[in-house]
Amino acid sequence: FKYKLAKYILKNHKVACISTIQLNYIRKTFSSSKTYLVYNTLPFVKQVAFDNDNIKILMAGYIMPRKGVDLFSRLADYAKEKGENWSFYWIGSGNYPELYYSKNVNWLGYQANPHYYYEKVDVFFLSSVDEPLGLVCAEALMHKKRCVVYKNAGYAELIEGIPGCSIYQEYTV
């Protein structure tokens, strides 16, 4: 009975298959004509329109006070006031209503595959006040991005002397 029910359902409904082998099996075994090939191994990446004329600055991390949401937001506002051609992007989720979230930052939320964004930006700005040795900076360096970090971040001593990378001494805009 279960086989006949499955055959009826698969024959008369759309079936998404994750390989050509599965697709051919479903078509042959269950006489299904509404089979479609989809690949579930490709990550969904939210396509973001990056401003190609601007210098694109990215921070990635959970949204919380110690990650520098306020500093990142105020820097985005300062750049806008001064007419700088900088665009700011933040990958990460979190909910701290007491923080300042600038409208000059593109808040992208959680992203399962941040590599897409690293490839599109010019600078990775680690705005954290005390990040010991976050992987986000390592990922940015792996993508050959210039990194900017605060002197108290663990990456400060690692990027010192790397052309294009900078260490700021005061935790201010």
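**Entry 1: getting started**

Helices (H or I, at least four residues) and strands (E, at least two) are DSSP runs, numbered from the N terminus. I am looking at a predicted model, where local features need pLDDT of at least 70, side-chain atom pairs count only at pLDDT 80 or more, and totals for chains, interfaces and linings use all residues. Residues are numbered from 1 along each chain as its sequence is written, and side-chain values use heavy atoms, with hydrogens and water left out.

**Entry 2: the sheet**

In what order do the six strands of the open sheet come? I read β5-β4-β3-β6-β7-β8, with parallel pairing (two strands pair if DSSP finds at least two bridges between them). I found β5 (105–109) and β8 (166–168) at the edges; each has a single partner strand, so one side of each lacks a neighbour in the sheet. On average, neighbouring strands are turned by 25 degrees against each other, direction ignored (axes are lines fitted to C-alpha atoms, for helices over the stretch in contact, and angles run from 0 to 180 degrees between N-to-C directions).

Next I followed one pair. Strand β4 (residues 86–91) joins β5 in the parallel sense over four bridges, and F88 stands opposite V105 in β5.

**Entry 3: helix α3**

Which strands does helix α3 (residues 69–81) touch as it packs on the sheet? I listed β3 (55–60), β4, β5, β6 (123–126) and β8, where contact means heavy atoms within 4.5 Å. The direction of α3 makes about 160 degrees with that of β4.

I then checked the span of α3. Its 13 residues reach 18 Å from first C-alpha to last, close to the 18 Å expected at 1.5 Å a residue (1.5 Å times one less than the number of residues).

Several α3 residues are buried, among them F72, L75 and A79 (buried means under 20% relative accessible area, exposed over 50%, partly exposed in between, with a 1.4 Å probe and protein chains only). The cover over the buried residues of α3 includes β3, β4, β5, β6 and β8.

**Entry 4: salt bridges**

How many salt bridges are there? I noted three, using a side-chain nitrogen of Lys or Arg within 4 Å of a carboxyl oxygen of Asp or Glu.

- K56 and D122 meet at 3.4 Å, N to O. K56 is in strand β3 and D122 in the loop between α4 (115–120) and β6, so the pair ties together parts 66 residues apart in sequence. K56 is buried at 7% relative accessibility, whereas D122 is partly exposed at 28%.
- R66 and D130 meet at 3.0 Å, N to O. I placed R66 in the loop between β3 and α3 and D130 in the loop between β6 and α5 (135–142), 64 residues apart. R66 is partly exposed at 30%, and D130 is partly exposed at 38%.
- E131 and K67 meet at 2.7 Å, N to O. E131 lies in the loop between β6 and α5 and K67 in the loop between β3 and α3, 64 residues apart. E131 is buried at 9%, and K67 is buried at 12%.

**Entry 5: T35**

Is T35 buried or exposed? I found T35 in strand β2 (residues 35–37), and at 5% relative accessibility T35 counts as buried. Leaving aside neighbours within four places in sequence, T35 is in contact with V15, C17, L23, I26 and R27. The side chains of T35 and R27 also make a polar contact at 2.5 Å (a pair of N or O atoms within 3.5 Å; within protein, one must be able to donate a hydrogen and the other to accept it, and residues adjacent in sequence count only if both atoms are side-chain atoms).
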